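Here is a friendly walk through one structure, with stops at the ligands, a sheet, a few backbone details and a cavity. Please keep the sequence and the 3D view at hand as you read.

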Amino acid sequence: MKDVIIIGGGVIGCGIARELARYQADVAVLEKGNDVSVGTSKANSGIVHGGFDAKPNTLKAKYNVSGNAMFDELSRELDFPFRRNGSMVLCFDEAQIDGLQELYDRGIANGVRDMYIIRGNAELKKLEPYVSDKAVAALVVPNGGIVSPYEMTVAYAENAAVNGVEFRFLSEVSAISKDNGVFTVTCSDGYSEQARVVINAAGVYADIINNMVCEDKLHITARKGDYVLMDKTCGYLADHTLFQLPSKMGKGVLVTPTTHGNILVGPTATDVDDKSDVNTTAEELNEAFTKASITVPSLARRNIITQFSGLRAHLDTDDFVIGESTVEGFYNVAGIESPGLSCAPAIACDIAARVSSKLQLKEKLHFQAKRKGIPQFSKLSNTEREKLIDQNPLYGKIVCRCEVVTEGEIVDSIRRPVGAKDLDGVKRRTRAGMGRCQAGFCTPRIMEIIARELGCDMQDVTKLGGKSNVVIGRTK
Amino acid sequence: MIKVNLVIVGGGPAGLAAAKSAYDAGERDILILEREAELGGILNQCIHNGFGLHTFKEELTGPEYASRYIDEVVKRGITYKLNATVIDVSNNKTVTYVSAQDGLVQVQAKAVILACGCRERPRGAINIAGMRGAGVFSAGTAQKLVNIDGYLPGKEVVILGSGDIGLIMARRMTFEGAHVQAVVELMPFSSGLNRNIVQCLNDFDIPLYFSHTVVNIKGRERVEGVVIAQVDDRLQPIKETERFIPCDTLLLSVGLLPENELAKNAEVQLSPTTGGAVVDENLMTNVEGVFECGNVLHVHDLVDFVSAESENAGVRAADYINGVTPCREKTVISCTNGVRYCVPTVLNRDEVYAPQSFKMRVANVFKKVELAVLADGVKVYGRKRPVVAPGEMENINLTAEQMKMLKQAKSVEITLIKGE
Ligand SMILES: Cc1cc2nc3c(=O)[nH]c(=O)nc-3n(C[C@H](O)[C@H](O)[C@H](O)COP(=O)(O)OP(=O)(O)OC[C@H]3O[C@@H](n4cnc5c(N)ncnc54)[C@H](O)[C@@H]3O)c2cc1C
Ligand SMILES: Cc1cc2nc3c(=O)[nH]c(=O)nc-3n(C[C@H](O)[C@H](O)[C@H](O)COP(=O)(O)OP(=O)(O)OC[C@H]3O[C@@H](n4cnc5c(N)ncnc54)[C@H](O)[C@@H]3O)c2cc1C
């Protein structure tokens, strides 16, 4: 029997797992995918929001502001990419400048600091030289930031595992029952396990999990957002995260640098019926790009390197549902749509605190709070590179040309706790295959390395688990 | 820091030919750096016939063609390093490479030849919407999996793009027992060689749909099919013509991009049309002593032309090391009337008048045209062609006398004269 079962290995589930790992408790994470960060946590804007957008007195506002403040230390402790690049909300119409003031006031009510409004295109261009001539004013939010969401999730998971949390993959929870104060959680592969506390962090599926247990039903709509990712060569086009002030033209899209120096534009918003529908459409990709061009007109389609989409977990009530439900010991962390990523550190600490007091858990004596990420060859100085190759010659073998990723890094990503098991897993952890050739050259090489490290055949190597095998057999 | 006169980045056909000819021109201090475990470049995975008709007057496979040049390099005792990836070339010709064996090494060169080849355009570059599971490959990746690693990427195949690699893979996959449902081409013509369309598609009854494209990819974990549609004159898909083709594999053969990351680091000026460097007739870039040849300069369809071009680069690099100073005054060659690009891109306004070959491509299919070179508006060269197409590179061989006229002119133009 476990003390706690967490359902879902996204940033929320992994974050909670890590914070609970501080205590003497038996904790397991059940994830239906082949890896952590395979749901919404891998496909979003990666913005650590300032906190001016959420309505005052909502959970979104509360956790956003407190979560935002935790990122500097957390990213250092767990060694994941984060940068406080600042956000700007752009206004393209003199008549709507009031809208900026409204956001400013909301920010103040939420406790956001250091914001200011600037007017005049020339002033804007001093901060962002490539912004449109048509932008007339902006709200500047210095505490806005950017984070690599999947690397953050992986970092949380690794650190949780190092501190004793168990991760079980390909484990889709299909039933939960409660007898004599003990939950039995059953997965579709027949696995079942008991626990004193169950935490629902199942993303867009959190309603389904909740409805297995609680009388108070939840309903989550999956709202899809499509994105277009641009080559690093146009990384200079934006330094702040550039939002558009919502107008009669609609919500607008953002243009932002990523922590790795690409430019990301999007997202669109379309409600979809199927919670696994991350199908991008030509219309939406076009919409994302066209709207983004309003902010930065010099974005060029030929610099697009890939596209993807993610699903927002939108609850009918429009705010998060966080905490113990009416069923004792069953905790919901549901409806975690944007700014969920920004909130994750605060939510994780909060839930861990509540659960530990519920179960009267004691703190561990030897909690290891620090995690060291995979050494990134491309970011090192030549002297550091020399040293690294000297220690391990695999760092002298460059596998992914575009992102300059070495075999040493790939092997590390597989051997680590909660290590990569498929091409996408390697990609999220090392960036191999994320560059401009999008894994054209390195796919066969990475497959060989995965097969060798996991002791399987090339034919068993998948892109993202399940039936996503890359090759189907041997040639004649 | 080690010192070497001539560093050649890339040990494919371009790098090998350049090394050989630089040696024969008297240069002995040469280092070839190749990131793969073998010399030969992309040819190693091209196990089909069709290489070397121009150079050796016989049909060789890719590896056979490569081995002839490798033999020449070995015979001359030219130094090369394998598994050695160049990660930087600086403006002053410091070349940095890494390898498991040597660690990180910096080499100060007098001249550098970039011969790093090209890579394939990926799915993202053409922005096909849909799902992102397994089963979408660039044709070259599939070729490597089949020919080198011995694995079959899929059974029911659709190929987007009628570039040569796509055509060749259509035949290869068929030989391996897969079923190629169709080759889908956006343009109303193929960018591949005509002989490949005949030998790789027609002979196997594989349909080729011109003016069509793939608009969506279905299948969450693995490709389950693609939606194709006809396109209009502006190359936009026509909704009503959409149809679904079930398949488990989509191969992309949608163009090659010269691999010029190193050139950018070295501050080499690139041409937006070719994606390769802007070079003069010596194949020298705007950075003195840095040369380019082969597919990194512009995409060739035949390796024979790569070899010929690269031999020229090798000789010129040797000359440069021997103190031949480059001319600073240049004439930019303008390409007009359907000529997409020409290599060289600029001419030195010096007094060296040697026979010179120009390589060019057209932007569209044209019938009954004359390829013409004009000096100050006056035709110095003309050649009638019944048909020209973007898929076939055209060679223009100019005499020393013709080169003299061009070099003395204020303007040089390469153009198509249409009509009878
Ligand atoms: C388009 C878009 C843009 C966004 N941009 C931002 C942003 O810029 N800043 C920001 O702060 N937030 C943003 N967000 C929100 C943020 O991405 C989410 O709040 C966050 O990723 C949610 O994490 P999660 O762990 O709840 O969900 P997920 O990452 O989806 O994790 C849930 C996990 O549960 C698993 N699961 C589901 N059902 C079961 C089951 N039955 N059994 C076992 N496992 C199960 C899933 O496989 C999944 O891995 C954005 C969201 C979207 C969609
Ligand atoms: C599928 C296919 C089919 C073809 N079919 C034919 C045919 O039938 N007939 C024909 O005549 N031609 C054919 N060709 C064309 C011919 O193969 C090419 O034109 C030729 O290989 C180009 O030579 P290259 O040396 O410029 O480039 P490549 O062969 O690509 O060689 C470049 C070399 O540089 C190395 N390199 C690159 N960057 C670095 C770095 N940073 N550090 C170290 N090394 C580096 C690469 O590893 C590679 O070995 C075909 C090509 C392909 C891809």
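Which element supplies the largest share of the shell around ligand 2? It is α8(B), with three residues. Helices (H or I, at least four residues) and strands (E, at least two) are DSSP runs, numbered from the N terminus.

Before going further, a word on the ground rules. This is a predicted model, in which local features need pLDDT of at least 70 and side-chain atom pairs count only at pLDDT 80 or more, while totals for chains, interfaces and linings use all residues. Residues are numbered from 1 along each chain as its sequence is written, chains are lettered from A and ligands numbered from 1 in the order in which they are written, and side-chain values use heavy atoms, with hydrogens and water left out.

**Ligand 2 and chain B**

Ligand 2 is surrounded by 35 residues, and the closest are B:Ala14, B:Glu34, B:Ile42, B:Asn295 and B:Val303. A residue is near a molecule if one of its heavy atoms lies within 4 Å of it. Five elements of chain B each give the shell at least two residues: α1 (13-24), β3 (49-51), β6 (85-89), α5 (164-175) and α8 (303-321). By class, this shell has 18 nonpolar, eleven polar and six charged residues. Here Ala, Val, Leu, Ile, Met, Phe, Trp, Tyr, Cys and Pro count as nonpolar, Asp, Glu, Lys and Arg as charged, and the others, Gly among them, as polar.

| Backbone N or O atom of | Atom of ligand 2 | Distance |
|---|---|---|
| B:Pro13 | oxygen | 3.2 Å |
| B:Ala14 | oxygen | 2.8 Å |
| B:Gly50 | nitrogen | 3.2 Å |

On its own, ligand 2 has 990 Å² of accessible area, and the protein covers 95% of this. Such areas come from the Shrake-Rupley method with a 1.4 Å probe.

**Ligand 1 and chain A**

Turn now to the other ligand. Of the 38 residues around ligand 1, A:Glu31, A:Ser41, A:Ile47, A:Ile336 and A:Ser342 come nearest. A:Ser342 has a side-chain N or O atom 2.6 Å from an oxygen atom of ligand 1. A:Asn44 also takes part through its side chain, with an N or O atom 3.0 Å from an oxygen atom of the ligand. For A:Leu341, a backbone N or O atom lies 3.1 Å from an oxygen atom of ligand 1. The protein covers 97% of the 1,000 Å² of accessible area that ligand 1 has on its own.

In chain A, α1 (11-20), β18 (304-315) and α8 each supply at least two residues of this shell. The shell divides by class into 17 nonpolar, 16 polar and five charged residues.

**Backbone details in chain A**

The bond joining A:Ser338 and A:Pro339 is a cis peptide bond, with omega about 5°. A:Pro339 sits in the loop between β20 (330-334) and α8 (340-358) of chain A. Another cis peptide bond runs from A:Gly266 to A:Pro267, with omega near -10°. A:Pro267 belongs to the loop between β16 (263-266) and β17 (270-272) of chain A.

A:Asp114 is not a glycine, yet it has a positive phi of about 70°. Look for A:Asp114 in the loop between α3 (97-110) and β6 (116-119) of chain A.

**A sheet in chain B**

Four strands of chain B form an open sheet with mixed pairing, in the order β10-β16-β17-β18. Its edge strands, β10 (129-130) and β18 (243-246), each pair on one side only. Two strands pair if DSSP finds at least two bridges between them. Between β17 (residues 225-230) and β18(B) the pairing is antiparallel, over four bridges. Within this part of the sheet, B:Gly225 stands opposite B:Pro246 of β18(B).

**One cavity**

How many cavities of 30 Å³ or more does a search of the whole structure find? The search finds one. On a 1 Å grid over the protein atoms alone, a cavity is a set of points where a 1.4 Å probe fits but cannot get out, and lining residues have an atom within 4 Å of a point. Grid points are joined across faces, edges and corners, and a volume is the space filled by probe spheres set on the points. The lining of the largest cavity includes A:Val399, A:Arg401, A:Cys437 and A:Phe441. Its residues divide into seven nonpolar, three polar and one charged.

Key: 1 Å grid on protein atoms, 1.4 Å probe; cavity = no way out; pocket = protein on both sides within 12 Å on 5 of 7 lines; lining within 4 Å. Polar contact = N/O pair within 3.5 Å; in protein donor to acceptor, adjacent residues only side chain to side chain.
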